[in-house]
Amino acid sequence: MIIHLVDGTYELFRHFYGQRRFNNGQDKPFGAVVGVLNTVLEMIENGATHIGVATDHVIESFRNQLWPGYKTGDGIEPALLAQFHPLEDALAAMGVAVWPMIELEADDALASAAHSAAADEGVQKVCIWTPDKDLAQCVRGDHVVQVDRRTQKIRDAAGVREKFGVEPALIPDFLALVGDAADGYPGLEGIGLVSAARLLGRYGPLESFRPKLSASGESSRFCSKISRRCAPTLGCSIMSRSCAGTGRPKRSKSALPS
């Protein structure tokens, strides 16, 4: 049995703006909804038997209380925003499992569903259909993989390491260091993609930075800079942490969809 978990919010955005290239700004009321339904129908026609779709029923989540600049629904075009709830209703009518998230996010549902499915001995593979780098932390070997529909790339653990330079479990720490403009939180000034991967490869997760830096041979100036920023950067790690039951503190994105 192969479980397919679809990021409905991403798919809705993808179809909405994809159609914009051809409709001269004349948006059909449910054009993006039809696009997502056709995508799911195509998956079924290609043999998918177990599909779950997660959506952001409300764009804001508990993370907005943790980080003032975290993403909101501001700026989302009304024509797009109006299609979220009809999409959820239409998917449910198709008989597809739908998780409309309110206090949590679609990422939370996908991560939790992936964790639960991966623990089921009857599940051969879990495919998370989204290019969202947050969900790369959920990848486990070639058992739980990330699929980018647009590029048709399947990313397993080796693919995550190749792309980001860190293990999947360290993706939240990596994003905390480099920031994530899409989600609205900054990284650590002076830390780029390569240096973030190097630091995490040497010292492990952010929680262990302070004691390991103090005992390392790094320059005192560098140690001081990292140490001063460790606490706020851990806050950003909370924003990007998605996986449930990873063996590390479940600081966020850990609720099971119902």
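Analyst: A residue is called buried when its relative accessible area is under 20%, exposed when that area is over 50%, and partly exposed in between. Please keep in mind that this is a predicted model.

User: How many of the eight residues of helix 8 are buried?
Analyst: Helix 8 covers residues 171-178 and is largely enclosed by the rest of the structure. The buried residues are Ile 171, Pro 172, Asp 173, Phe 174, Leu 175, Ala 176 and Leu 177, so the number of buried residues in this helix is seven.

User: Which residue follows helix 8?
Analyst: The residue that comes after helix 8 has a positive phi, near 85°, and its name is Gly 179.

User: Is Ile 44 buried, partly exposed or exposed?
Analyst: Ile 44 belongs to helix 2, which spans residues 31-45, and together with Leu 41 and Met 94 it forms a nonpolar surface patch with about 230 Å² of accessible area. Because its relative accessibility is 38%, and the middle class lies between 20% and 50%, Ile 44 counts as partly exposed.

User: Which residue of strand 3 stands opposite Thr 55?
Analyst: Strand 2, residues 50-56, has six of its seven residues buried, so it is largely enclosed by the rest of the structure. Strand 2 runs parallel to strand 1 (residues 2-7), with five bridges joining them, and Ile 3 stands opposite His 50. Strand 2 also pairs in the parallel sense with strand 3 (residues 97-101), over five bridges, and there the residue opposite Thr 55 is Pro 100.

Key: Residues are numbered from 1 along each chain as its sequence is written. This is a predicted model: local features need pLDDT of at least 70, side-chain atom pairs count only at pLDDT 80 or more; totals for chains, interfaces and linings use all residues. Side-chain values use heavy atoms; hydrogens and water are left out. Patches are made of residues with over 30% relative accessible area and no salt bridge: like charges are joined within 9 Å, nonpolar side chains (Val, Leu, Ile, Met, Phe, Trp, Tyr) within 5 Å. Accessible areas come from the Shrake-Rupley method with a 1.4 Å probe; for residues, only the protein chains shown count as cover. A salt bridge is a side-chain nitrogen of Lys or Arg within 4 Å of a carboxyl oxygen of Asp or Glu. Helices (H or I, at least four residues) and strands (E, at least two) are DSSP runs, numbered from the N terminus. Buried means under 20% relative accessible area, exposed over 50%, partly exposed in between (1.4 Å probe, protein chains only). Two strands pair if DSSP finds at least two bridges between them.
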